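Here is a brief report on a protein model. Look at the sequence and the structure first, then read on.

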Amino acid sequence: MMNNVLRKKVLTIAGSDCSGGAGIQADLKTMTAHAVYGMSVITAITVQNTTGVVKSEPVLPEIVAGQLDAVCSDILPDAVKTGMLFSEEIIDVVSQKIREYKLGNVVVDPVFVSTSGSQLLEPQAAEALKEKLLPLAMVITPNIPEAQALTGISINSKNDMVLAASRLCKNSGTNVLIKGGHGTSDASDLLYCTEETAMNIQYAGSGAWAGFIENKHDIIQVTGNGRKIWFRHERVATNNTHGTGCTLSSAIACNLASGMDIAAAIAAAKSYLTNALKAGLDIGHGNGPADHCWSIPAF
């Protein structure tokens, strides 16, 4: 007799990357590496590889809605990650379904532009993203260019990161992780928490969060009263960074589904991504992907 296996379920709502390094494909690989059951709702089809995005075509909003209904009416996810949403109409549908099914542990990666510089969100959709989707998130994960676009603040220093994160937190009412890989020498990321979240984070001495300090996986500095948490990691010397934003946000969603608090979920996700970059996978003729399966033993 087979034993029943209980796995957490995580849903990605994003675009497809036919080359496998970003988007839906990267998300599902990350979910497999985290031993959760991955599900997907495709919002757009892209023609891309490691050298760049050639073309993007959105999925009809009613098809996006149908996919969400099919998944959530049968297998309710324990966490959700959103990536490339492309249009205001798709953002409307996704926001509506998150509210309808009362989905929690929502990680919003506000994808504006690809690593190669291609536009992945229609300009008129930015306001819908800010007004309708961000307030539904547990955490939003913009990189520096995305944080600048969402706040209008030019980010040239860590103080600017704090200013932008605090504004995003205030305007959206949710936690904000600004990724520093585009602008800081040590790839430091900043988590700016709501007051409610800060009260519930487990610091050194208890819980999963403590393990990252005691085991010295990475240097993590906690500052302030819990509202501001810096995650300081080494910058990995590699050009193969295709899909790193997708990968990090998916890993965070997996960790939230597993019951970690937000700080522990981000710390674990950062460690996973750092090791995926260090693995040295070298695929394609451009900016290749990280090795999402670095932790899975080879056959």
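## Helices α2 and α3

Helices α2 and α3 count as roughly parallel, because their angle falls under 35 degrees. Their axes cross at roughly 20 degrees and come within 9 Å. Axes here are lines fitted to C-alpha atoms over the stretch in contact, with angles from 0 to 180 degrees between N-to-C directions. Helix α2 covers residues 61-72, and helix α3 covers residues 88-100. Helices are DSSP runs (H or I, at least four residues), and strands are E runs of at least two, numbered from the N terminus.

The crossing of α2 and α3 is right-handed: the near helix is turned clockwise from the far one by less than a right angle. P61, V64, A65, L68 and D69 in α2 meet E89, I90, V93, V94, K97 and E100 in α3. Contact means heavy atoms within 4.5 Å. By class, this contact has 7 nonpolar, no polar and 4 charged residues. Ala, Val, Leu, Ile, Met, Phe, Trp, Tyr, Cys and Pro count as nonpolar, Asp, Glu, Lys and Arg as charged, and the others, Gly among them, as polar.

## How the model is read

This is a predicted model: local features need pLDDT of at least 70, side-chain atom pairs need 80 or more, and totals for chains, interfaces and linings use all residues. Residues are numbered from 1 along each chain as its sequence is written, and side-chain values use heavy atoms, without hydrogens and water.

## Helices α1 and α9

Helix α1 (residues 23-33) and helix α9 (residues 244-257) cross at roughly 40 degrees, with axes within 9 Å. That makes α1 and α9 oblique to each other.

G23, A26, D27, T30 and M31 in α1 meet C246, T247, S250, A251 and C254 in α9. These residues divide into 5 nonpolar, 4 polar and 1 charged.

## Residue T12

T12 lies in strand β1, residues 9-17. Is T12 buried or exposed? T12 is buried, at 0% relative accessible area. Buried means under 20%, exposed over 50%, and partly exposed in between (1.4 Å probe, protein chains only).

Conventions
Angles under 35 degrees count as roughly parallel, over 145 as roughly antiparallel, 65 to 115 as roughly perpendicular and the rest as oblique.
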